Amino acid sequence: MGISVSKSKYPDVIVYVKAGDNSGRGVEATYTEISDIHVVLYNQNGVRSRNVKLCYPYLFQQQDGPCQTVTHKFFIAGLRDFGPVERVELWRKPRKTKGKQGAPDGWYVERVAVESVYQKDCISIFPVHRWIYNDIKYTFHRYGVSLPQNDDENETRDKELTLKRGLYELEQRVKGTPPTVKSLPADEQFSFADKWDIGKRKQALIEANQLQDVGCLEWNSLEEIQKLYHGSFAVPRCLEDRDWQSDRSFGIQRLAGCCPMLIRLCTRIPDRMAVSDRMVEPFLEGLSLDGAIELRRIFVIDLEVLQDLPCEKGLVAAPIALFYLSNNNSLRPIAIQLFQNRTKDNPVFVPSDPPYTWLMAKMWYNHAEAAYHQAWTHFGLSHFVLEAIAVVTHRNLSSSHPIFKILAPHFVHIMAVNNNSLSHLLIPGGWMDTCTNIGMKGMYEIIRRKFEHWHLNVHGNVQRDLQDRGVLDVNLLPHYAYRTDALTIDGAIRRYIRTVLSGHYKNMEDIEEDPELQKWREELVGNPDNGGAGIKGVPGYDRFGTLDELVNTVSAILFQCSVHHAATTNSQYDEYGFPPNYPTFLKGSPPRKKATLKIGEIIKCLPTKDTTVDVMAVTKIFSTHYGNHLSEYEVQYLYDPIGLSSLRQFRNELREISKSINERNKKIPQLYYDYLHPAVIPNSTCI
């Protein structure tokens, strides 16, 4: 049977080759004039076509989120009755051409599709997600997903992982903190990386809103700060929807602000807190403190982790704060102690203190929480811990592995962002050093202290985390919208993952005999000194043994990449955008006595004008949505029937969750919370 590639409008088979933008050079690196592409097709009966050289492509460029891709479309004649294609062999030979640049060493191919023109709906998808190097023959099976023990191409699979282990290596740059990628692999470089240059974006944003000349003087009044809000800098919600100085607003921040993962049910007053019944009973609506604790209406946040923290400039408090759930279900602060020791110069501040004295205590509490939030909740967990997990995943799971296919869309861009975009912020003299009191020194110390005690199966599992904090019961804190939305989305994530994995792991033997899976777990928990990620609390005793352990592990990782990251970034401008509300930087020292203060002393603590604008601009960038939203992937990995069906169901559930959030926010506008609306949850840590 003769086979040819032609420009004919009446082909028998159409081959589509979609090249991804992973080269850092854009789509130019994929153009086939500089190399010959060859394929061999195998149908469902094992019949092999002759070697086909693909040429005369039609090129289609498209934008997938921030990614630019190009699809090569080839027409092939002579295969009219070939039938569905089950396997493809693909290789590439460089072409020597005068006056033209030689073929690049690698060509990143996202997928190959083969369509039979004369058979309706006869199209076979072959996920690739690999670099195609010269003179190496690659074999791809339809759908491209299998466990290693069931893969006929095990030798090729092992070679691929050996190559990736040389490219993806972990290095612990600061002792005791999460390790990060040693050097950025080519697969993680993108031609649009400059779009995420935070330094350039920040400067462009400031100049576009004509704030580059605000100067470095002090503020004269709070009203003067509010004159900054125009153009891209809308009025933050803390000013527009709430009275930022009120106790109600302070309570809302604990449930729906940047860090709603700290509030705990108080079962006993911390020994280090010198609070008494007499101090707080006026705010308990007739209850005693013990009575309110017994009724589960007292909540606590204890930031002991900040005690004696080394700081770049000034200092940060290590507060303990008590909150009371009122009869109208409003959470209100009733006591704030700014340091951990019971001494005369460490008073317990209460709402009946002079107004600006109480406001100053709340500001220094928020300043401490903001330091914790940026250092651990944002950078430490959402960026560094997840990067370590991503690197270990690339090192140990083939791109044909079902768990790799589930997680890969949620690791897109994280290494590029951490290595390129954050470089403006997290360098000596950068944003963290100039716009926060803790600086790089304090940030890494917070990360070190938290990483030492962070467990994937507790703190990374939203249901276990809520249970551990005593706030899982929906009858407690009825307006805790973060809990409601996080749990609902986590449930959808878990059902999606369980459906996919149960389609591949039919029994315990499939799990125990999967060498890639077990090696993945080994490196997840491995000592960072030996190249491991250092993750504690990975389910399983030495090995994965049950489907539940896999579902819990993969679900927790996916949740952290998407939902947790959205919860900790989407709200940043609304909280940090007005510095007195959630300050990253305060001058002076936390109050050590209950002297009556005036508004001028509040203003004197605030950062200078240029620092204020810098904080506004960077948190505005963090709060801006990048990439596709949850389940709508920039790069699709799952094409098999189980994967596609599970993904459709996942998307349907997210649509229903979106409707529910819309209805709730419409019904209770004063408790509006949309930071975990599925439409604004990115798939990955993309900024």
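**Pockets, a sheet and a helix crossing**

User: Which elements each supply at least two residues of the lining of the second largest pocket?
Analyst: Strand E14 (298-302) and helices H8 (355-396), H12 (439-451), H13 (462-468) and H17 (547-569). Helices (H or I, at least four residues) and strands (E, at least two) are DSSP runs, numbered from the N terminus.

User: What am I looking at, and how is it numbered?
Analyst: This is a predicted model; local features need pLDDT of at least 70, side-chain atom pairs count only at pLDDT 80 or more, and totals for chains, interfaces and linings use all residues. Residues are numbered from 1 along each chain as its sequence is written, and side-chain values use heavy atoms, without hydrogens and water.

User: Which residues are closest to the centre of the largest one?
Analyst: Val128, His129, Arg130, Glu160 and Ser399, out of 50 lining residues. H1 (154-167) gives the most to this lining, with eight residues.

User: Switching topic. What order do the sheet strands take?
Analyst: E13-E14-E15-E16-E17, five strands in an open sheet with antiparallel pairing. E13 (264-265) and E17 (348-349) are the edge strands, each pairing on one side only. Two strands pair if DSSP finds at least two bridges between them.

User: How many bridges join E14 to E15?
Analyst: Five. Asp302 has Ile320 in E15 as its bridge partner.

User: What lies across the sheet strands?
Analyst: H8 lies across E14, E15, E16 and E17, at about 90 degrees to E16. Helix H5 (247-256) lies across E14, E15 and E16 (331-337), also running at about 90 degrees to E16. Axes are lines fitted to C-alpha atoms, for helices over the stretch in contact (heavy atoms within 4.5 Å). Angles run from 0 to 180 degrees between N-to-C directions.

User: Last one. At what angle do H2 and H20 cross?
Analyst: Roughly 115 degrees, with the axes of H2 (198-208) and H20 (609-623) coming within 9 Å. Residues in contact include Ile198 and Leu205 of H2, and Val613 and Phe622 of H20.

Note on methods
1 Å grid on protein atoms, 1.4 Å probe; cavity = no way out; pocket = protein on both sides within 12 Å on 5 of 7 lines; lining within 4 Å.
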